[in-house]
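Open the model in your viewer and keep the selection tool at hand. This tour says what to pick next and what is there.

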Amino acid sequence: VTLTMEGTTNRTFLPSATILDRSLSGPLSGDAKTLFEEVLSSLYGLGDSDRDVIGAAIELHYAAALLFDVDPNAAYALCVGGIERLSRSYGTVRADWQSWEEADRLDHVFVELGLGESQMAKLREELLKDKHLRLRQTFAGYVTDSLADDFWTLTLEAFHPSIKMEPDGASSFLGMSEEDPTPIGNFVPSNRDVLRRRLLASYDARSSYVHDGRGRPSLGRTIGQIVGEPSGRTNPIEFAGMRAILRSLI
């Protein structure tokens with residue numbers, strides 16, 4: 001974001017990407033040493049397999065936090081990857097046909113083609129064996145089943161850069177200022193059905209970036225949700241919400 005005082009030629013550049021997760025833009029709350037030791041002691045008490053899985057999710061979260069203001073799409077992919085790593089070990093496969101959002105559409109296609117019940121059943125069985133479909137369903141189902149109701153009592157810290165502008169247009173950075181926190185419900189819907197649909201969209205957004213290089217603009221949607229604007233039922237969850245989900249699951 002470029003700021004220029006009227007009548008001057010000096011330009012001040014403020015980082016806009018920090019808006020994607022304003023809780024990452026300020027200082028740590030609490031005693032860092034104590035928090036670090038608590039996490040390490042918890043990990044030390046786990047079995048080897050659990051330590052590997054949760055440790056991998058923590059590393060992916062850490063990398064996402066480092067990248068979010070440099071490469072938002074890569075950071076988003078890492079958050080989704082962290083949740084997927086947990087879901088593959090602790091989630092269960094949703095193998096029923098109605099769990100798939102395309103089920104109703106394909107059922108109508110089967111009827112239009114005049115297929116018999118046995119033919120429809122065989123096609124449904126084969127479609128449900130698709131690896132990508134099963135990973136998507138496991139990903140979304142794991143999150144919706146695992147997030148406790150008190151997750152939606154969380155609030156996200158909010159910091160913004162403060163500057164002092166001089167009459168000649170020069171400026172000086174004053175640091176990050178804290179403002180009222182943002183309810184997590186602004187980013188993550190509490191309705192489990194809507195949550196599941198938006199998680200599937202988040203998984204697809206990650207896949208589009210990783211496999212096809214297609215990023216997605218997220219700054220405008222994030223700003224809207226910060227101020228409480230509702231998001232569509234099939235839009236991906238924005239970075240701040242995905243990171244909060246990953247932290248909670250870890």
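Helices (H or I, at least four residues) and strands (E, at least two) are DSSP runs, numbered from the N terminus. This is a predicted model, where local features need pLDDT of at least 70, side-chain atom pairs count only at pLDDT 80 or more, and totals for chains, interfaces and linings use all residues. Residues are numbered from 1 along each chain as its sequence is written, and side-chain values use heavy atoms, with hydrogens and water left out.

**The whole protein**

Show the cartoon. The protein has 9 helices and 4 strands. Along the sequence they run β-β-α-α-α-α-α-α-β-β-α-α-α. The C-alpha atoms fill a box of roughly 80 × 50 × 30 Å, taken along the principal axes.

**The largest pocket**

A pocket is an open set of points on a 1 Å grid over the protein atoms alone, with protein on both sides within 12 Å along at least five of seven lines. A cavity is a set of points where a 1.4 Å probe fits but cannot get out. Lining residues have an atom within 4 Å of a point. Grid points are joined across faces, edges and corners, and a volume is the space filled by probe spheres set on the points.

The largest pocket holds about 1,500 Å³ of space. Select L28, V39, H61, R243 and R247: of its 33 lining residues, these are the closest to the centre. Now colour α1 (32-44), α2 (48-67), β3 (155-165) and α9 (239-249), which each supply at least two lining residues. Which element gives the largest share of the lining? That is α2, with 9 residues. By class, the lining has 20 nonpolar, 8 polar and 5 charged residues. Here Ala, Val, Leu, Ile, Met, Phe, Trp, Tyr, Cys and Pro count as nonpolar, Asp, Glu, Lys and Arg as charged, and the others, Gly among them, as polar.

**α2 against α3**

Axes are lines fitted to C-alpha atoms, for helices over the stretch in contact, and angles run from 0 to 180 degrees between N-to-C directions. Contact means heavy atoms within 4.5 Å. Residues in contact include V53, L60 and L67 of α2, and L78, R85 and Y90 of α3. The contact has 15 nonpolar, 3 polar and 2 charged residues.

**α3 against α9**

Keep α3 and select α9. They pack at an angle of about 30 degrees, with axes 9 Å apart. That makes α3 roughly parallel to α9 (angles under 35 degrees). In α3, pick A75, Y76, C79, V80, G82, I83 and L86. They meet F239, M242, R243, I245, L246 and L249 in α9. This contact divides into 11 nonpolar, 1 polar and 1 charged.

**The cavities**

How many cavities of 30 Å³ or more are there? The count comes to 3. Select its lining: L20, P72, N73, Y76, R216, S218, T222, E238 and F239. The largest share, 3 residues, comes from α3.

Finish at the second largest cavity, with about 50 Å³ of space. Among its lining residues are I19, L20, L156, F187 and T222. Both β3 and α8 (219-226) supply at least two. The largest share, 3 residues, comes from β3. The lining divides into 7 nonpolar, 2 polar and 3 charged.

Notes:
Parallel < 35°, antiparallel > 145°, perpendicular 65-115°, else oblique.
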